[in-house]
Amino acid sequence: MTQPLLMIPGPVEVDGEVLAAMARPPMGHTGAGFIETFGKCLDDLRDVFAAPDGQPFVVAGSGTLAIELAVANIVELGERAVVVDTGYFSARMADILRRHGAQVESVGAEVGHVPELAAVEAALARGAKLLTVTHVDTSTGVLAPVKELAALARKYNTLIVVDGVCAVGGQEFRQAEWDVDVCLTASQKALAAPPGLALVMARSRALEAFRARKSPVASYYSDWSLWLPVMQAYQARKPAYFGTPAVNLVVALNESVKQIKAEGMEARWARHRKLSAAFKAGAEALGLRQVPVSEDVRAVTLTTMYYPDGVDSTLIGRIGAAGVVVAGGLHPAVAARSFRVGHMGVDGIGQVLTTLAAIEQGLGIKTGAGVAAAQARWLQP
Ligand code: PMP
């Protein structure tokens, strides 16, 4: 039997060339071949984040480590951080900030909504070192207005960290133009590589704040003082060592980043927008109401939907039996009532139509209405 189609919000389907790159024998981490691969990958990531002036960090670990790598180097004991709370992963961000000594103020909203900009502004006006935002909250599918929030952070001379784990590489994001200080992600979502790498892109204000610290970074493995010389060495095509890099994953990521660059960021963002619109049109035609309340707060990388009346989480198993893996709910307020479909990375209309067909089978709908609506939306000019 062929592998089921993986349509969860990460890990995602991975291109064969990326898998083949990963399957090569491990390279020595200080040898010329790996130095060139890692150096090129770091250089090219600046295009993916649209941050020509950014300092990339790529470290073995998951997205949660990327959050820690981003904030542990910035906040010090007792400093205030404002968290724009759009769901499960904003709460994790707040936990990590507290663990590193920050006084956290979360600005929340009802599930499916984005907090009011005025409420975020009021929190910033009380003074804060850092504002954090989850670009796409994977538990709710809610998209935060990062550009507007970055402008607010600038107005109050506050650093901004964006959790782009479910966004970078799929959701439009222009780090330098929007003036975002730090953005973090992981390899297994819209970057379309296997899980296992934590990525951070830091710009100068964040690096200055790090250099001006009075206290050491509480986490040894996350300390930029240890990773910065290593990243800079690879970028200068020189050997360096602090912790052994996940060489095969870096080779795989480099292959995926090469494909992303060949597609081009504008084209990639447009493909994700179109794919999302097609999937959402299909879901709507099947009567599936979305968790994010309106178009402007819906992510393009995934769709989060409520089960129809009389349907429960056993639907996931029936969709699986039709060959497609989708994810259950995650945000505690809607976990039992919702499910999630990721459509990012290398996915195309074929994967979206297959997924809708499997959902129709799971729901026992015999009309093909979801597939037809998605197809019609996709074929619109
Ligand atoms: N932030 C967001 C927005 C996420 O979607 C995830 C993972 N789903 C994480 C952080 C944590 O990443 P990981 O599971 O790779 O640690």
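1. Polar contacts across the domains. Between domain 1 and domain 2 there are 18 residue pairs in polar contact, both partners at pLDDT 80 or more. A polar contact here is a pair of N or O atoms within 3.5 Å; within protein, one must be able to donate a hydrogen and the other to accept it, and residues adjacent in sequence count only if both atoms are side-chain atoms. On the domain 1 side, the elements giving two or more residues to this surface are α11 (265–285) and β11 (302–306). Of these, α11 supplies the largest share, eight residues. Sorted by class, that side of domain 1 has 17 nonpolar, seven polar and seven charged residues. For the classes, Ala, Val, Leu, Ile, Met, Phe, Trp, Tyr, Cys and Pro count as nonpolar, Asp, Glu, Lys and Arg as charged, and the others, Gly among them, as polar. Helices (H or I, at least four residues) and strands (E, at least two) are DSSP runs, numbered from the N terminus.

2. What you're looking at. This is a predicted model, where local features need pLDDT of at least 70, side-chain atom pairs count only at pLDDT 80 or more, and totals for chains, interfaces and linings use all residues. Residues are numbered from 1 along each chain as its sequence is written, and side-chain values use heavy atoms, with hydrogens and water left out.

3. The two domains. Domain 1 covers 5–10 + 264–378 and domain 2 covers 16–263, with bounds that come from an automatic or database domain assignment. Their centres, taken over C-alpha atoms, sit 27 Å apart. In contact terms (heavy atoms within 4.5 Å), 31 residues of domain 1 meet 32 residues of domain 2. Together the domains bury about 2,600 Å², 60% of it on carbon and sulfur atoms; buried area is the accessible area (1.4 Å probe) that two parts lose on being put together, summed over both. In domain 1, R268, W269 and H331 lose the most area to domain 2, together 23% of what that side buries.

4. Salt bridges. How many salt bridges does the structure hold? There are 22, a salt bridge being a side-chain nitrogen of Lys or Arg within 4 Å of a carboxyl oxygen of Asp or Glu. Four salt bridges run between domain 1 and domain 2. R268 also pairs with E263 through their side chains, at 3.1 Å, N to O. Have a look, too, at R80 and E105, whose side chains meet in a salt bridge at 2.9 Å, N to O. R80 belongs to strand β3 (residues 80–84) and E105 to strand β4 (residues 103–107), so this pair ties together parts 25 residues apart in sequence.

5. The ligand. It has 13 residues around it, the closest being S62, T64, T138, D163 and K189; near means a heavy atom within 4 Å. An N or O atom in the side chain of S62 is 2.5 Å from a ligand oxygen, and one in the side chain of T64 is 2.6 Å from a ligand oxygen. G63 uses a backbone N or O atom instead, 2.7 Å from an oxygen of the ligand.

6. Most residues other than glycine have a negative phi, and most peptide bonds are trans. G10 and P11 are joined by a cis peptide bond, with omega about -5°. N157, not a glycine, has a positive phi of about 55°.
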